[in-house]
Amino acid sequence: MKYIYLFFILFSLGSPWGAAQEITFQNEGYEQVLSKAKRENKSVFLDFYATWCEPCKQLEATVFVDPEVIAYYDKHFLCLRVDVDKEPKLAQRYRIQSIPTLVFLNSKGEELRRVMSLINEKRFLHIGQEIMGECPTYPELYKQYVDGKKDIVHMQTLLLEAPAYVSEVGEPEGMKWRDRASKIFQEYLSLKGLDKMINRDDFQIIMLFQEKAERNDPVLNFVNEHHEEFEQVIEPHVVWEFIISQQNGLIHSLARSEERFSR
C-alpha cells in the first residue's frame, strides 16, 4: 500500500495537464490497425480506457503528451485507444478487468506485455524501449546488479523503477521485488551518502524506501535538518508530509514500546 500511495504522489508531480499534442492514435478500427501493423512491420499499443476513468485522464494529460513519448511511440508503434464501454467485446477478448490497461502487441498481433496500473511518462517510454529491444527489462537490470554492476547510477535506476514494476507484476511476485529493492536501498545509502541525495530523484527514493524511523534515525534527521534545501528541488508540502509521517510513526512506536515496558 505504501508503494501504491507514494507512486500516485510522485505521479502527480509530473507534467502539467492540458497540453495540446499527444501521441498519434489511429482513426481506424482494431482489425484495420492490426492489418496496417503487419504491412508496416510495426508493434501495436492499445490503450483500454473509459471516459469516466480518472487515472485514464491522468495518462492522457501527462504521459501521452510528453514530447519524448510522442516522438518514440509515433516512430515505433501504431497506437489505438479502446473505449471499453463502446467496445465491450474487444475488452472481453483481452480480458480487461481494470482500467487503465495498456496492452502491447507485436506486428503479428501477439501480446507482448500489459500494464494494469497508472504509469508515469518515464516508465511508459522505458517499456516501449524494452519492447523494441533497445534497453533491458527490469529483471535484466537486476541481474546486472547481482552480477556486480553496483554503481550508483545503475542502482538509482533500479530503485526509481521498482514501484512501477512491482505494480505491473502484482502479488505475490511483487513482494519479492519489493524486498530486493529495499536491500538495494540500504546499499545505495551507504555508497552515495545522504549529503549527495538532495535532489528530486533521490528524495523520491527516500520516500519510497525509508522504513519507519527509529530513535535518532539518520535519514529522518538529515531531511529535517536540510528541509529548506530539499524544498528547492521538490514541492515543500511533499517534504513536510514525509517528515511529519516519519515523526508520527516514531512517536507511535516509542509510545507502544513505553506501554509494553510499563506492563
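Analyst: Let's start with one cut-off: a residue is called buried when its relative accessible area is under 20%, and exposed when that value is over 50%. Keep in mind that this is a predicted model.

User: Now a single helix. Which residues of helix α2 are buried?

Analyst: The general idea comes from helix geometry: an α-helix has 3.6 residues a turn, so residues three or four places apart point the same way. Now the case here. Helix α2 covers residues 30–40, and its buried residues are Y30, V33, L34, K36 and A37. Looking down the axis of α2, these residues fall within an arc of 160°, so they line one face of the helix.

User: And what does the face of α2 turned away from the buried side carry?

Analyst: That face carries the exposed residues K38 and R39.

User: What do the buried residues of α2 pack against?

Analyst: Their partners are β1 (43–49), β2 (77–83), α5 (88–93) and β3 (101–105).

User: E40 belongs to the helix as well. Where does its accessibility put it?

Analyst: E40 has its place in helix α2. With a relative accessibility of 39%, E40 counts as partly exposed.

User: Let me try another helix. Which residues of α7 are buried?

Analyst: In α7 they are Y138, L141, Y142 and Y145. Viewed down the axis of α7, the buried residues fall within an arc of 100°, so they too line one face of their helix. They pack against α6, α8 (152–169) and α9.

User: Which residues meet where α7 and α9 are in contact?

Analyst: From α7 there are Y138, P139, Y142 and Y145, and they meet W177, R180, I184 and E187 of α9. By residue class, the contact divides into six nonpolar, no polar and two charged.

User: For practice, how do the axes of α4 and α6 lie: roughly parallel or roughly perpendicular?

Analyst: Helix α4 (residues 67–76) and helix α6 (residues 121–131) have axes that cross at roughly 20° and come within 10 Å. With an angle under 35 degrees, α4 and α6 are therefore roughly parallel to each other. Their crossing is left-handed.

User: What residues does that contact bring together?

Analyst: E68, V69, Y72 and Y73 of α4 meet E121, F124, L125, I127, G128 and Q129 of α6. The contact of α4 with α6 divides into six nonpolar, two polar and two charged residues.

User: On to the backbone. How do I read a positive phi?

Analyst: Most residues other than glycine have a negative phi, and most peptide bonds are trans. Just after α2, N41 takes a positive phi of about 55°. N41 sits in the loop between α2 and β1 and is exposed, with a relative accessible area of 60%.

User: Where is N216 found?

Analyst: N216 lies in the loop between α10 (200–209) and α11 (218–225). Its phi is near 55°, again a positive value in a residue other than glycine. N216 counts as exposed, at 63% relative accessibility.

User: And what follows α7?

Analyst: After α7 comes G148, whose phi is positive, near 120°.

User: One last feature. Which two residues does a cis peptide bond join?

Analyst: The cis bond joins I99 and P100, with omega of about 0°. P100 is found in the loop between α5 and β3.

Terms used:
Residues are numbered from 1 along each chain as its sequence is written. This is a predicted model: local features need pLDDT of at least 70, side-chain atom pairs count only at pLDDT 80 or more; totals for chains, interfaces and linings use all residues. Side-chain values use heavy atoms; hydrogens and water are left out. Contact means heavy atoms within 4.5 Å. Helices (H or I, at least four residues) and strands (E, at least two) are DSSP runs, numbered from the N terminus. Ala, Val, Leu, Ile, Met, Phe, Trp, Tyr, Cys and Pro count as nonpolar, Asp, Glu, Lys and Arg as charged, and the others, Gly among them, as polar. Buried means under 20% relative accessible area, exposed over 50%, partly exposed in between (1.4 Å probe, protein chains only). The arc is that of the directions from the helix axis to the C-beta atoms. Axes are lines fitted to C-alpha atoms, for helices over the stretch in contact, and angles run from 0 to 180 degrees between N-to-C directions. Angles under 35 degrees count as roughly parallel, over 145 as roughly antiparallel, 65 to 115 as roughly perpendicular and the rest as oblique. A crossing is left-handed if the near helix is turned anticlockwise from the far one by less than a right angle, and right-handed if clockwise.
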